[in-house]
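This report looks at aromatic rings and how they pair. A pair of aromatic rings is described by the distance of the centres and the angle of the planes.

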Amino acid sequence: MSTLVPLIVRRIKIRKKYNTPRHTSPCIGRIFPSLQRKTFFLSAKSQSPNSECWSCHKRINCTYFCAQCDTLQPPPKMVDYFELFSYPKTFDINDHDLKEVYKKLQRKLHPDVFTQKSKTEQQFSAEHSATVNMAYNTLSKPHLRAAYLLHLKGVDIGEEGKTIFGTDPDIRELLLDVMEVRESIEEAKKPEELKKILEINSEKLERCIKDLNQAFEKEDLENAKRFTTTLQYLTRIRSEGEKKLFSLSNKTSHQK
């Protein structure tokens with residue numbers, strides 16, 4: 001009873017802080033305001049390569065360079081990030097392989113390669129490079145990759161800060177746990193406290209990624225949606241915890 005009462009009091013305080021009724025799930029935008037904005041992705045459908053080179057006007061069938069005059073072609077208006085990286089549409093990605101493809105594409109398309117080319121090719125290069133950067137940023141981060149993969153499958157994980165979880169009691173408990181961890185991060189005074197919080201969160205992240213991978217393998221999109229949102233929460237906790245740890249570590253070192 002002695003440990004239960006403080007827990008109940010703490011949860012009441014959390015609900016009051018985020019203005020959350022007892023039997024509803026808290027809004028993600030109230031917990032993490034920076035996650036309130038909807039994530040937009042480029043279209044899942046790739047555009048076919050241009051049929052005519054903009055420079056020599058010969059018919060072409062390529063993505064980047066004209067086989068006749070070797071000029072860089074304009075980027076497609078729509079692109080599939082997995083296709084861009086010649087990668088199968090799967091959540092389980094080898095980080096090393098992905099980074100190697102990224103480097104290869106940038107060696108070919110980065111603006112530094114086109115400093116002596118025409119203004120048109122320089123512009124196309126900047127656009128291609130930006131798309132490659134955006135694709136790599138999305139595919140290299142598990143929470144963004146999962147959301148993008150769901151997007152390709154026609155599943156929206158929620159927008160404008162609205163939780164997808166409704167009144168599911170298990171999910172309500174999860175979100176309350178998340179808010180408690182965030183409170184602990186805000187109240188932490190020593191680096192050791194934050195390291196312990198981050199260690200526990202890291203274990204949860206690892207388990208969540210495994211569960212998410214299994215859900216995608218089974219095409220269980222409902223659970224994939226849930227695990228993706230959970231992963232977003234845990235990723236944000238890691239970010240906030242690491243930021244606070246950096247601040248506390250610097251403060252401690254200056255006091256010595």
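Does Phe82 count as buried or exposed? Phe82 counts as buried because its relative accessibility is 0%; buried means under 20% relative accessible area, exposed over 50% and partly exposed in between, with a 1.4 Å probe and protein chains only.

The model is predicted, so local features need pLDDT of at least 70 and side-chain atom pairs count only at pLDDT 80 or more, while totals for chains, interfaces and linings use all residues. Residues are numbered from 1 along each chain as its sequence is written, and side-chain values use heavy atoms, with hydrogens and water left out.

The structure holds seven aromatic pairs. Rings of Phe, Tyr and Trp (its six-membered ring) pair if their centres lie within 6.5 Å; planes under 30 degrees apart count as stacked, over 60 as edge-to-face and the rest as tilted. Two of the stacked pairs are listed here.

| Pair | Centre to centre | Between the planes |
|---|---|---|
| Phe82 and Tyr148 | 5.9 Å | 15° |
| Tyr102 and Tyr136 | 4.3 Å | 20° |

The pair of Phe82 in helix α3 (residues 81-84) and Tyr148 in helix α6 (residues 142-152) links distant parts of the chain, 66 residues apart. Helices (H or I, at least four residues) are DSSP runs, numbered from the N terminus. Tyr148 is buried, at 0% relative accessible area. Ring pairs also join Tyr81, Phe82 and Tyr148 into a cluster.

Tyr102 in helix α4 (residues 95-109) and Tyr136 in helix α5 (residues 119-140) are 34 residues apart, and this pair too links distant parts of the chain. Tyr136 counts as buried because its relative accessibility is 19%.

Methods
Helices (H or I, at least four residues) and strands (E, at least two) are DSSP runs, numbered from the N terminus.
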